[in-house]
Amino acid sequence: MKIIFLDIDATPKNLEPNYKLLNEIASECFMPLAYGGGIKTLEQAQKIFNIGIEKVAINSSSHYNLNLINQIAKNYGNQAVIAVIDFKKDLFGKYQIVSHSGKEKHGRHLEPWIKQL
């Protein structure tokens, strides 16, 4: 069993991960943890891993820096990074990729984006 914490306000509000809160959670939790929200750089992911969190979840940042997922995987292993995809069905029944809590549309369709990730 694992727990994933997602800060859905971090990206829309352009906030960094709350490292202090993550440290408190990690020090009290005795099961594998994952975190997503506001991670834009390898350095931010490193801080999160140094706290003791085992996986990071990347969504919005992948649309602007697809290489971030590769950087994290190269440094920490493929098992340490989760690619998260938010999508909505359009008027024609196709799934459109969105980010920033559904506010930004990226003009991508689901299947090709999955393959690219």
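Ground rules, quickly. The model is predicted, so local features need pLDDT of at least 70 and side-chain atom pairs count only at pLDDT 80 or more, while totals for chains, interfaces and linings use all residues. Numbering starts from 1 along each chain as its sequence is written, and side-chain values use heavy atoms, with hydrogens and water left out.

Four strands make an open sheet, order 1-2-3-4, with parallel pairing. Strands here are DSSP runs of E, at least two residues; helices are runs of H or I, at least four; both are numbered from the N terminus. Two strands pair if DSSP finds at least two bridges between them. At the edges sit strand 1 (3-6) and strand 4 (81-83), each pairing on one side only. From one strand to the next, the twist averages 25°. That angle is between N-to-C directions, on a scale from 0 to 180 degrees, with axes as lines fitted to C-alpha atoms. Strand 1 and strand 2 (residues 33-36) run parallel and are joined by four bridges. Ile4 faces Ala34 of strand 2 there, standing opposite.

Now helix 2. Its buried residues are Leu42, Gln44, Ala45, Ile48, Phe49 and Ile51. Buried means under 20% relative accessible area, exposed means over 50%, and partly exposed is in between, with a 1.4 Å probe and protein chains only. What covers them? The cover includes helix 1 (19-28), strand 2, strand 3 (55-58) and helix 3. Contact is heavy atoms within 4.5 Å. After helix 2 comes Gly52, with a positive phi near 120°.

Next, the core. The largest nonpolar core has 21 residues, and Ile39, Ile48, Ile53, Val56, Ile58, Ile72 and Val81 touch the most other members. A nonpolar core is a set of buried Ala, Val, Leu, Ile, Met, Phe, Trp, Tyr and Cys residues joined through side-chain atoms within 4.5 Å. Which element gives the largest share of this core? Helix 2, with five residues. Take Val81 as one case. Leaving out residues up to four places away in sequence, Val81 touches Val56, Ile58, Ile69, Ile72 and Ala73.

On to the rings. The search of the whole structure finds two aromatic pairs. Rings of Phe, Tyr and Trp (its six-membered ring) pair if their centres lie within 6.5 Å; planes under 30 degrees apart are stacked, over 60 edge-to-face, the rest tilted. Phe49 and Tyr76 have ring centres 4.2 Å apart and planes at 35°, so that pair is tilted. Phe49 is in helix 2 (residues 42-51) and Tyr76 in helix 3 (residues 67-76), so the pair ties together parts 27 residues apart in sequence. Phe49 is buried at 12% relative accessible area; Tyr76 is partly exposed at 28%. Phe87 and Tyr95 are the other pair: centres 5.0 Å apart, planes at 80°, so edge-to-face. Phe87 is partly exposed at 42%, and Tyr95 is partly exposed at 30%.

Arg108 lies over the face of Trp113, 4.1 Å from the ring centre. The test is NZ of Lys or CZ of Arg within 6 Å of the ring centre and within 35 degrees of the ring normal.

Last, the hairpin. Strand 6 (residues 95-99) and strand 7 (residues 104-109) run antiparallel, joined by three bridges. Gln96 stands opposite His109 in strand 7. Four residues separate the two strands, and His100 in the turn has a positive phi of about 55°.
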